[in-house]
Amino acid sequence: MAEHADPADEALLRLDGVTVRFRTGQPPALDAVGLSVAAQEIVCVLGPSGSGKSTLLRVVAGLQAADAGRVFLEGRDQSGVPTHRRGVGLMFQDHQLFPQRDVGGNVAFGLRMRGASRAEQERTVAELLDLVGLPGAQRRAVAALSGGEQQRVALARALAPRPRLLMLDEPLGQLDRGLRERLVVELRRVFGELGTTVLAVTHDQGEAFALADRVVVMQEGRIAQSGTPLEVWQRPATEFVARFLGFDNVVEATVRGGAADTPWGKAPVPDGTPDGPCRLLVRPAGVGITAAADGLPCTVAARTFRGTHVALLLQPDTGPQVEAACALRDAPQDGESVGVTFAAEDVVVLNR
Amino acid sequence: MVLARSEVTGRQGRARRARGTATRLALMALPLAFFALFFAYPVAAIVGRGLKDGGRWQLGRAGEVLSDPDVLHVLWFTVWQAAASTGLTLLIALPGAYVFARFEFPGKKLLRSVVAVPFVLPTVVVGSAFLALVGRGGVLDDLWGVRLDTSVWAILLAHVFFNYAVVVRTVSGLWGQLDPRQEEAARVLGASRWGAWRRVTLPALGPAVAAAALMVFLFTFTSFGVVQILGGPTFSTLEVEIYRQTADFLDLPTAAVLTLLQFAAVLALLALHAWTVRRREAALTLVDPAQTVRRPRGAGQWALLWGTLVVIVLLLVVPLAVLIERSFAGPDGYGFTFYRALQSAASMDSTFAVAPLNALWNSLAYGAAATLIALVVGGLAAAALTKRGGRLVRGFDALLMLPLGVSAVTVGFGFLITLDEPPLDLRSSWWLVPLAQALVGVPFVVRTMLPVLRAVDERLREAAAVLGASPWRVWREVDLPLVRRALLVAAGFAFAVSLGEFGATVFIARPDNPTLPVAVARLLGRAGELNYGQAMALSTILMVVCAGALLALERIRTDQSGEF
C-alpha cells in the first residue's frame, strides 16, 4: 500500500486527495485536491477569497496538517516531515519580514539556518538584492521600506536558500497597478534565470495569466479547471469559472444539429458538440454588431470606454442582456438600435 | 485505498499534535518540579501539621474559626482594602503608564528607576516612612496638623506607593509597543479621542491591565508589613492575623485554617482572572517603542506629564526623602553617624555576629541567584504557555500565580520544617534563601513575558520555519529578540522582589547571613535612636542599590533596542 519515492515520478510537487477540514460539519477548506507541478513550471492557483488557495500553500509548507491525502515533493511523501525540513519557500501575503533585522539580516536568514558561511551569505544576499532591484540595501531597516520594496525583500528572502519549490501567497496583492505590471515581468525573468519552480495563489486573473505557465481555478476547496492561461480564458470549463473571469453571457440552451436554441434565438456551436440541454457562454469578443435588420435586434443599454475597446451592454426584445466588446470606431451610441450575431469560435459549452 | 490513506495521515496528524503536547510537557517539567518541591510540599506540610492532632484530622477547628465574628471582620477588611487599593492604584498609575509609554522627556530613565524603588523596599521600612510622614509628630502633623494614621487612608496610600510601579511598568511596556495608527484608524472612522482609546487601545491593553490589577490585588490582599505598622489594633488583614497566630500565640491550627482560607480566596481570584484574560487576549501589531514616543504636544499633554510628575513627587519621592532625611539626622545634627556604625559588628550587641553592612553583599548574591532561578523557571513556563491550550495549560498558568497569594510567613515556616531532612536537607545550604525568593520572582517573569510572547505574530514564526528554522531556532531567532526587553524587565522585577522579600526570608536566613530587609527589621525591633537611625541608613542603602540596579537595567535596554 505504502508508496515510496518513485524515480519515474516527474512531478516536483504532487498533491493526492488532500482534504483539510477546519470544523466538523462545515464544508472542507480543501476537498480531495489532486495537483501536480512539474520542475521549473510556474503554476498559479486562481480563486475568490475563501476558496482554499492559502490553505493549499500551508499544507504544502507543512504549516497545516492535512486531514486526509498526501503531499509528495520530488516523489517523497512529506507526511510527518516538519516545515523546516521540507526545503520549500513561502512568501507571505503581508511579507512577514522580521522587524528586528535589517534587509540583509532578513535575506540571509534562510542561509544561516542552513549553516552557510558568512562569506557565502554576504555574496548570495548581494546577488539577490541586485536581482530584485535593491542593490546595496543590506543595512536598511525593514520598517523604512515602501510596500514594493518590502515585497522585493520578501522575495529575495524566500529565494536565498534556493528552495526546490517557491510558493507565493498573493504576491502582488498590495501593490499599485503600474508596479504590479512591472513586477510580473520581473518575476518571470527572475524565475526563468534561476529555474525556480513556482506555485502561486492569487484572486487576480490578470496577475495569474501574466505570471503562470498553467492556471488552476479553485472553487470551494475543489479544482474547477486547470490549463494554460489561454485555454482557461478561451474555454472556461464551468459557469463558475466563466463568471469568475468576468464573463456574464451565460444562458440556458438546447443543442440540436450543430446549433443551439437560446433565449436570444439560434446560436452556432463548435463542431462536435453533442445534442441536448446545456449552459452556454458567448464570450463578449464573439458578439458581432451589425445593422438592426441583420441579427438579433437590440438596444444599446450601456456603453463603457475601456481604453483598448468599448464594452457594450445590449438589451434584446426578449431574454437577458448581452455583453459585447467592439473597437472604438465601430461602437454604436447609447440607445441606438443594432443587430447582434454570434461567432461559433467564441461560443463555449459549459460543463454542469 | 482512499480510506486507508486518510487513516494514515489522520494518525500522523494526531502524532504531530501529540508531539506538541510532549514538547509542552517537557518545558513544564522543571517549573512543575520546582513548585511541587519548594512550594506545594512545604505549604501542605505546615497546614497538615496545624490541622492534625495526634495523627487525626481536626476539621472541626475550621468551622469554629470560620464562624468567629473577629475572623469574618478580618476577612471583610482584607477584601475591601485590597479592592480599594487596586482601584486607587489603577486610577493614579494608568495616566503614568501612558506618559512613560508615549512621551519623551529629559530624565525619563531616571524617573523610571525612581518609580520602581518603592516596590523593592521592605514593607516594614515603608510602614515606618509613612508613619514618619502622616503619623503623630510626622511631617504633615508638624506643618498642618494633619494625621492619617488613624484612618484607612494611610494604608491605601502606602499600597499605592508600593504598587504604582507594578501598573506603570507592566502596562507601559506593552502600551509603548502598540501601533498608534490603530487608534488613528479609529479616529478616521469617526471615533472621538476618548472613544478610540476605549474601543481600540483599552481592549488591546486589557491583558496587561488585568495582569497588573491582579498583581496589585494579590499584594494588597496579602499585605503584611504595611498593615502591621499603619493598621494598629483597628485594621488587620488575613496575613497579619496568620503571623499573629503563628508567632505570637503559637496557635498553629488557627493559622492553618486562615492560610487555607487565604489560599481559597486567591484560587477564586485566579480563576476569575484566567476567565477575563481568556476572553480578551488577541494577537497585536507590535512596533518598536522608539517609533511611538515623542515630545508632548499641546497644553493637555503637557498638563498630563506635569500632573504625573507631581503625583510621583508627592506620593513616591516625599516618603523616600523623609526616609533619607532620617538616616542622616544623627544625635549631633546631620552627619554620617549611622552609616559609620553599620560597618562594625562591635557597635551591635548580640543582634548581629557580623557588621550590618555585610547584609548588603548577602542580599546582592541571594538576589542574583534568585533572579537566575526565576528566569529559568519562569522562562520555561512562559514558553510552554505561549500557545494557548486546553485545561491543562490554564491550570498550569494559574498554579504559577499561587505563591503571590499564599502567606509568605507560611512558606518560610514550611521551608524550615520540611527541607531539613535527607534527601532534601537544605537547612545549611546557601541556596535555601534564593529558592524561597525565586518563588515570588517566577510569577513576575511569567506575567511580564507572556503577554509579549503571545502577541508575537504566529506567521513570523511560520516564516522562519519555512526558511528552515527548527522550533528551537524559531524561538531563538524570532521570539527571543522580540521579548528581550520583556525579559530584562522581568529580570529587574525578579531581582527587586528578591531583594525586598521579607516574610519568608526572615524565617530561613541564617543569623550570621541576614539580608538587608531582615537586618533592617532586626534593627527596628530594638530600642534606641542609634538602632533606628541605622535601620534608616540601611534602608537608604537598599534603596540606592535598587535604584542603581534598575538604572543599569535601563541602560542595557537602550543599548539593545539599538538593534531594533
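Glu220(A) takes a positive phi near 45 degrees in the hairpin of E9(A) and E10(A), where 2 residues lie between the strands. The model is predicted: local features need pLDDT of at least 70, side-chain atom pairs count only at pLDDT 80 or more, and totals for chains, interfaces and linings use all residues. Residues are numbered from 1 along each chain as its sequence is written, and chains are lettered from A and ligands numbered from 1 in the order in which they are written.

Strand E9 (residues 214-219) and strand E10 (residues 222-227) of chain A pair in the antiparallel sense, with 5 bridges. Strands (E, at least two residues) and helices (H or I, at least four) are DSSP runs, numbered from the N terminus. Pairing requires at least two DSSP bridges between two strands. Val216(A) has Ser226(A) as its bridge partner in E10(A).

Confidence was examined for chain A. Its mean pLDDT, the predictor's confidence in each residue on a scale from 0 to 100, is 88. A value of 70 or more is reached by 97% of the residues of chain A. Residues 1-8 of chain A stay under 50. For this stretch the model has 6 contacts beyond four places in sequence. Two residues are in contact if their C-beta atoms, placed from the backbone, lie within 7 Å. Where pLDDT is low, the predicted coordinates should not be read in detail.

Strand E1 (residues 11-20) of chain A has two antiparallel pairings, described here in turn. With strand E2 (residues 30-38) of chain A, E1(A) forms 6 bridges. Leu30(A) in E2(A) stands opposite Val20(A). With strand E4 (residues 68-73) of chain A, E1(A) forms 5 bridges. Arg14(A) has Phe72(A) as its bridge partner in E4(A).

An open sheet of chain A has 5 strands in the order E13-E12-E11-E14-E20, with antiparallel pairing. Its edges are strand E13 (265-268) and strand E20 (347-350); each has a single partner strand, so one side of each is left without a neighbour in the sheet. Neighbouring strands of this sheet are turned by 45 degrees against each other on average, direction ignored. Strand E14 (residues 276-282) of chain A runs antiparallel to E20(A), and 4 bridges join them. Leu280(A) has Val349(A) as its bridge partner in E20(A).

Another open sheet of 5 strands in chain A has the order E15-E19-E16-E17-E18, and its pairing is antiparallel. Strand E15 (287-290) and strand E18 (322-326) stand at the edges; each has a single partner strand, so one side of each lacks a neighbour in the sheet. E15(A) pairs with strand E19 (residues 337-342) of chain A in the antiparallel sense over 4 bridges. Thr290(A) has Gly339(A) as its bridge partner in E19(A).

In chain B, the axes of helix H20 (residues 458-466) and helix H21 (residues 471-500) come within 10 Å and cross at roughly 135 degrees. That makes H20(B) oblique to H21(B). Axes are lines fitted to C-alpha atoms, for helices over the stretch in contact; angles run from 0 to 180 degrees between N-to-C directions. Angles under 35 degrees count as roughly parallel, over 145 as roughly antiparallel, 65 to 115 as roughly perpendicular and the rest as oblique. Leu460(B), Arg461(B), Ala464(B) and Ala465(B) of H20(B) make the contact with Val474(B), Glu477(B) and Val478(B) of H21(B).
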